[in-house]
Amino acid sequence: MESLFENQDTLTQSADDELVARAQDQDEAAFGELMRRTSPASLRLALSILHDRQEAEDEVQNSYLNAWKNMPQFHRESKFSTWMTRIVVNQCLMRLRRLRAARFEYLDHANTDAGLPARELTDQTATPEETLGDKELSAVLKSEIRRLPPLLRNVLILRDVEELSSVEVAERLNISVSAVKSRLLRARRELRAHMERHAGRTGFAALTA
């Protein structure tokens, strides 16, 4: 039992790069520690897209399952948390597409039962443009974060990207915890507004569904 606690202490003190290397060697405990470190930010991101906690939790879980399966393909050109951001965003967008398709199918079925002509449904399969859009969305997210005013951007990066606690962010920026929470709320709102405007310009309709 003592050795088990010692092993857990070693994991919590390990750098992300070391944990990634071990996870790529099929070390489930190392991957579990990576999940522990990144899951709060992943859930916040999923909630910002899906607006439903249960659906967000489901897609975060699916995201980590996909990440575990694809660890050998992670070339460590970016941080693990950045890679997870892309996976979570893609999972949530696919979830929105499935929900949208299900709504269309329900309408089609209801019209047929009522003796009305069935509505012709558009093809819900992701187009090449949509697939490319999913891959580019992470880059767009980073670009929109950079456009935030420094006063808000610094808090957002420290809290949501680097996953520091509110107390740690306050100490880092020499401001109060209440100021951290206020700025973080404003930063998240502005970031979402930026992403929704981008969605309208580029066709990321799922973001505003």
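Guide: In this predicted model, helices α7 and α8 cross in a right-handed sense.

Visitor: What makes that crossing right-handed?

Guide: The term applies because the near helix is turned clockwise from the far one by less than a right angle; this is the case for α7 and α8.

Visitor: Why are α7 and α8 called oblique to each other?

Guide: The axes of α7 (residues 150–161) and α8 (residues 166–173) cross at roughly 140° and come within 9 Å. Roughly antiparallel requires an angle over 145 degrees, and roughly perpendicular covers 65 to 115. The pair is therefore oblique.

Visitor: Which residues make the contact of α7 with α8?

Guide: From α7 come N154, V155, L158 and R159, and from α8 come S166, V169, R172 and L173. These divide into four nonpolar, two polar and two charged residues.

Visitor: What makes a set of residues a nonpolar core?

Guide: Its members are buried residues of the listed nonpolar types, joined through side-chain atoms within 4.5 Å. The largest such core here has 27 residues, and F31, M71, F80, W83 and M84 have the most contacts inside it. Helices α2 (16–24), α3 (28–50), α4 (53–69) and α5 (80–113) each supply at least two of its residues, with α5 giving the most, nine.

Visitor: Which residues does F31 touch?

Guide: Leaving aside residues up to four places away in sequence, F31 touches A23, Y64, A67, W68, M71 and F80. A second, separate core has 16 residues, including I145, L158, L191 and M195; L158 also belongs to the contact of α7 with α8.

Conventions:
Residues numbered from 1 in each chain as written. Predicted model: local features only at pLDDT ≥ 70, side-chain atom pairs only at ≥ 80, totals over all residues. Heavy atoms only, no water. Buried < 20%, exposed > 50% of the residue type's maximum accessible area, 1.4 Å probe, protein only. Helix = DSSP H or I, 4+ residues; strand = E, 2+ residues; numbered from the N terminus. Contact = heavy atoms within 4.5 Å. Axes fitted to C-alpha atoms, helices over the stretch in contact; angles between N-to-C directions. Parallel < 35°, antiparallel > 145°, perpendicular 65-115°, else oblique. Nonpolar A, V, L, I, M, F, W, Y, C, P; charged D, E, K, R; others polar.
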